[in-house]
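Biologist: Got the model open. Can we go through it together?
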Amino acid sequence: MSKNPNLTLAGPDLAALLCSRVCHDVISPVGAINNGLELLDEGGADADAMDLIRTSALNASVRLKFARLAFGASGSVGASIDTGEAERAAKDFAAAEKKTEVVWIGQRAIIAKNRVKLLLNLFLVAYGSIPRGGTIEVTMENPELDATFKIVARGRLMRLPPKFVEICSGTVEEAIDAHSIQPYYTVLLAEESGMELTYHATAEELIYTATVSNS
């Protein structure tokens with residue numbers, strides 16, 4: 001598998017940008033929790049304040065659990081992860097925003113950590129490609145060996161994420177930042193896992209695949 005020339009970030013820069021991405025994902029629900037507590041302190045809006053706190057706490061918890069699997073160590077170097085954990089993380093992530101249904105197809109298995117991380121990051125790419133919500137269908141075939149991951153996204157105003165396409169097969173025009181680090185990390189994980197990414201768009205759906213490279 002030839003090295004993607006766009007994967008040029010040094011380790012410290014990669015770590016810093018991934019940390020920025022995680023902080024960006026949780027700062028909104030954590031801030032909402034703080035707003036709810038302020039409402040409680042002021043009085044007169046107890047029910048609304050508690051509803052805001054509960055919803056925001058769940059959102060923050062779901063996002064942190066997802067980030068732990070998708071970006072974090074999740075065990076020792078070279079460890080394996082249960083794909084059931086990935087399925088639960090993806091479904092909980094989508095359920096928290098209540099706009100996208102996730103269908104997961106494939107037998108539960110214990111597979112290499114980087115492949116699970118790749119699957120979850122490819123899920124995030126697909127999730128971001130249907131900003132108004134819709135459905136995401138995740139299919140795993142033979143995950144322990146010659147794995148194939150296929151993610152199909154359907155929804156309104158869908159489009160292939162330009163930065164993902166650019167990093168996969170084009171020339172990166174602008175420096176990678178906290179907004180583009182997640183698709184960058186997806187491509188990097190594919191390379192580290194010995195898998196090849198492809199993508200295809202039709203009028204009805206967006207299809208993302210990761211297959212074991214034969215090169």
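Biologist: What volume does the largest pocket have?
Modeller: About 620 Å³. This is a predicted model: local features need pLDDT of at least 70, side-chain atom pairs count only at pLDDT 80 or more, and totals for chains, interfaces and linings use all residues. Residues are numbered from 1 along each chain as its sequence is written, and side-chain values use heavy atoms, without hydrogens and water.
Biologist: How is a pocket defined?
Modeller: On a 1 Å grid over the protein atoms alone, a pocket is an open set of points where a 1.4 Å probe fits, with protein on both sides within 12 Å along at least five of seven lines. Lining residues have an atom within 4 Å of a point. The volume is the space filled by probe spheres set on the points.
Biologist: Which lining residues are closest to the centre?
Modeller: Of 24 lining residues, Arg21, Leu124, Gly128, His179 and Gln182.
Biologist: Which element gives the largest share of the lining?
Modeller: Helix 4, with four residues. Helices are DSSP runs of H or I, at least four residues; strands are E runs of at least two.
Biologist: New topic, aromatics. How do Phe164 and Tyr199 pair?
Modeller: Edge-to-face, because their centres are 5.8 Å apart and their planes at 65°. Rings pair with centres within 6.5 Å; planes under 30 degrees apart are stacked, over 60 edge-to-face, the rest tilted.
Biologist: Where do the two sit?
Modeller: Phe164 is in helix 5 and Tyr199 in strand 6, 35 residues apart.
Biologist: Is Phe164 buried or exposed?
Modeller: Buried, at 0% relative accessibility. Tyr199 is partly exposed at 25%. Buried means under 20%, exposed over 50%, partly exposed in between, with a 1.4 Å probe and protein chains only.

Technical notes:
Rings of Phe, Tyr and Trp (its six-membered ring) pair if their centres lie within 6.5 Å; planes under 30 degrees apart count as stacked, over 60 as edge-to-face and the rest as tilted.
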